[in-house]
Amino acid sequence: MLAAADETRPLRGLARIMVKTMSAAWTVPHFGYCDEIEMDGLIALRDRLKPLAASRGVKLSYMPMILKATSLALNQYPDLNAHIAADASEVTIRGSHNIGVAMDTPRGLIVPNIKDCQARSILEIAQELNRLQGLASQGKLSEDDLAGGTFTLSNIGAIGGTYASPVLFVPQIAIGAIGKMQRVPRFGLVTVDGPNGTPVQEEQVVAKHIMRVSWAADHRVVDGATMARFSNQWKAYLEEPMSMVADLR
Ligand code: COA
């Protein structure tokens, strides 16, 4: 029987960078934290905003709203928007929310960031995400687009999978991975007619759109309780998107 030939490839370019960044990340003691988000409110909001976005030439996915919710939650937990020094002697809390978005491109994984999400509207974030996606697909992202990220999100659910365990993008101290949104059964309150015809609330199995998030954080400088509180706030914004309006500046 003839054995099949092996093929050895040099690790160059983006592949080489991934070897370096991921090896550095693996030296960091980190923890994971997961939760699930009910997305029905956000789906309704996107449906309402899509025509407006389209009229301005912008494609609106869920990411811009998720990015805005992240920035609003970071306003309340600024310590998570930070860089740690290589010798771990100090942490710098970054003023700008330059949120990186992991992108799957023909050349491999690349993480451009959307600068100053704290100062951009949802449609401005969408516009910038469209621009970065366009450039990434052509391999034309600039150094500036790739530099200066302060926090990262990876929407692996755009490809598939409900859960992923993200690896830190050092010197950043936190990252979130978003899974695929799915329509699944959950318990919920439904209004039904009571004995006298008066409406009452009853617990039933109802259909919900659920998306999982998994966070990873540098446990040298972030504790689980802070990550949990941040995630709770982020979840609250996504599940009740109108609440984002209350905190917009
Ligand atoms: N669940 C369900 N649907 C999703 C989804 C999710 N998690 N993420 C995206 N979608 C939908 C979008 O809403 C869109 O639907 P539409 O056509 O109705 O608008 C469609 O899938 C395509 O979305 P996409 O163009 O990918 O835009 P996006 O803004 O949601 O995501 C990127 C942009 C860059 C994050 C994404 O394209 C990507 O590259 N993801 C992979 C990231 C990765 O490789 N991570 C691993 C790092 S190790």
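## Residue classes and model

Ala, Val, Leu, Ile, Met, Phe, Trp, Tyr, Cys and Pro count here as nonpolar, Asp, Glu, Lys and Arg as charged, and the others, Gly among them, as polar. The structure is a predicted model.

## The second largest pocket

By these classes, the lining of the second largest pocket comprises 13 nonpolar, eight charged and five polar residues.

The greatest contribution to the lining comes from α2, which provides six residues.

Strand β8 spans residues 151–155, and four of its five residues are buried. Buried denotes a relative accessible area under 20%. Strand β8 is therefore largely enclosed by the rest of the structure.

Two pairings of β8 may be described in turn. With strand β4 (residues 99–101), β8 forms a parallel pairing over three bridges; within the pairing, Gly-100 stands opposite Thr-152 of β8. With strand β9 (residues 174–178), β8 is also parallel, and four bridges join the two strands. Here Thr-152 stands opposite Ile-175 of β9.

Note on methods: Residues are numbered from 1 along each chain as its sequence is written. This is a predicted model: local features need pLDDT of at least 70, side-chain atom pairs count only at pLDDT 80 or more; totals for chains, interfaces and linings use all residues. Side-chain values use heavy atoms; hydrogens and water are left out. Buried means under 20% relative accessible area, exposed over 50%, partly exposed in between (1.4 Å probe, protein chains only). Two strands pair if DSSP finds at least two bridges between them.
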